[in-house]
Amino acid sequence: MSDTPFGFGLPPEEPDNGDEGKKKGNQGGQSGPTPFGFGTGLPGGSGGPGDADNPFAAMFGSMNPNDLGAAFQQIGQMLSYEGGPVNWDMAKDIARQTVAQGTPDGVKDASVGLAEKSAVEEAVRLADHWLDGVTSLPSGAATAVAWSRAEWVEATLPVWKELVDPVAERVGAAMGGVLPEEMQAMAGPLLGMMRSMGGAMFGQQIGQAVGTLAGEVVGSTDVGLPLGPAGKAALLPLNIESFGKDLGVSSDEVRLYLALREAAHARLFAHVPWLRSHLFGAVEGYARGIKVDTSKLEDVVGQLDPTNPEQLQEALQGGMFQPQDTPEQKAALARLETALALVEGWVDAVVHEAAKPRLTSADAMRETMRRRRASGGPAEQTFATLIGLELRPRRLRDASRLWASLTDARGVDGRDGLWEHPDMLPTASDLDDPDGFVHREQLDFSEIDKMLGEAAQKREQDGDDTK
């Protein structure tokens, strides 16, 4: 588990002014911008208006004197923000700017052509046909879409908002509660500025993280959560091409294998109605366990210089927010890790079962996906950045083995039937002892539901009789 709930550290970002920016950025001994993009200089400060360390560089780009008016206007808009805990308009703008800069290998985003759209639609259609034979869950993809990176950002931001807001809300509440109650009325303008700055800081970090992730994901379910609209299986042709470049596998096979994974996720989330709320509820439970070092925050409030916003950023970077080491927090984390592992493990198992007899590269691509997760791939890194959670790859492999064993022991219907109720699913301890779970006597929740329904009906009848 990461020790820093919002990570407060981002992947290196290319300066906006190319080689010249790299030169200037390295002079201060820094290898890249600080978290949230706030560095050591201010607009017009010693670093120069175009310096890569400029704290607002990610928002305003290369700043020359002609841009200063617009830049300060945007700063004013930032400080006047009165929305929720995250400035999502800023997050969206920065994510789009990050996408426009291209990936470190120089690949720029591009619109999806008709041929690519047709290839994705055909791959998802065939993948769904193959999955029909290995799972009892029907198709969950009413449509198949091919997205550019920018389209992925637009389509997934609503779900990122749902994931991140609970954590940011916890942090924002702490920022507003560090002063004694009798002083809060007098300090209203200062607290308002802090909330606006906090929303901007979170918006900047999240925007850059999501924009970076958009350059690497291959679909809408890379983090094990349904980030896209319900009923849509989405693939990113440009990123799929990069994914398969060094595998020595035909592009058709790579696309089809990844379509299998996307379609399998779609089936699970479409036909297990409680699963989405279960996962997002676990995120909220984890967020409630975030604690804030209020003494450090009080020091910042007392010394805050409105013209020097990086003071607050430095405090954020200094480990102000930590997960509580309590039984409740550990339980919330375990629930979230186990649920995500079970989702990913099920997808891994059914996709391999569908792909193995048909794709010669099935084993190689499966291992590539597993190593991508084990090495802290983009999905895990971004998830850890946003909510302080690192998904343990060992749990994914354990879950995949358990689902495969259940298929052998109980058949496809018996395996998939466990998704009918959350209490029927394996627990973290079951992942440690898969054989014990596989051969355990099965609970019949349908009979329990029937009994409860009959009892409720009897109570209604008794109530009518007494009227």
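Predicted model: local features only at pLDDT ≥ 70, side-chain atom pairs only at ≥ 80, totals over all residues.
Trp403 and Trp419 are both buried.

**The tryptophan cluster**

A search of the whole structure turns up two aromatic pairs. In one of them, the ring centres of Trp403 and Trp419 are 5.3 Å apart and the planes lie at 20°, so this pair is stacked. The cut-off behind that label is a plane angle under 30 degrees. Where do the two partners sit? Trp403 belongs to helix 17 (residues 393-416), while Trp419 is found in the loop between helix 17 and helix 18 (428-432), so the pair ties together parts that are 16 residues apart in sequence. Ring pairs also bring in Trp274, which joins Trp403 and Trp419 in a cluster.

**Arginines over rings**

Two arginines lie over the face of a phenylalanine ring. Arg276 does this with Phe280, at 4.4 Å from the ring centre. Arg410 lies over the face of Phe437, and here the distance to the ring centre is 5.7 Å.

Next, have a look at Arg366, a residue of helix 15 (residues 362-374). Is Arg366 buried or exposed? Its relative accessibility is 17%, and because buried means under 20%, Arg366 counts as buried. Setting aside neighbours within four places in sequence, Arg366 is in contact with Tyr257, Asp348, Ala349, His352 and Ser400.

Glu344 is another one to find on your screen, in helix 14 (residues 327-355). Its relative accessible area is 5%, so Glu344 is buried. Which residues does Glu344 touch, not counting those up to four places away in sequence? The list is Thr221, Gly224, Arg261, His265, Arg373 and Leu396.

Two packed helices are described by the angle between their axes and the distance between the axes.

In the contact between helix 5 and helix 10, the helix 5 side is made up of Ala119, Val120, Ala123, Val124, Leu126, Ala127, Asp128, Trp130 and Leu131. They meet Arg255, Leu256, Ala259, Leu260, Ala263, Ala264 and Arg267 from helix 10. By class, the residues of this contact divide into 13 nonpolar, no polar and three charged.

For the other pair, Ile240, Phe243 and Gly244 in helix 9 meet Val254, Arg255 and Leu258 in helix 10. That contact of helix 9 with helix 10 has four nonpolar, one polar and one charged residues.

**The whole chain**

Stepping back, how many helices and strands does the protein have? There are 20 helices and four strands. Of the 467 residues of the protein, 51% count as buried; Trp403 and Trp419 are among the buried residues. Finally, among contacts between residues at least 6 apart in sequence, 78% join residues at least 24 apart.

Methods
Residues numbered from 1 in each chain as written. Heavy atoms only, no water. Phe/Tyr/Trp six-rings, centres within 6.5 Å; stacked < 30°, edge-to-face > 60°. Helix = DSSP H or I, 4+ residues; strand = E, 2+ residues; numbered from the N terminus. Buried < 20%, exposed > 50% of the residue type's maximum accessible area, 1.4 Å probe, protein only. Lys NZ or Arg CZ within 6 Å of the ring centre and 35° of its normal. Contact = heavy atoms within 4.5 Å. Nonpolar A, V, L, I, M, F, W, Y, C, P; charged D, E, K, R; others polar.
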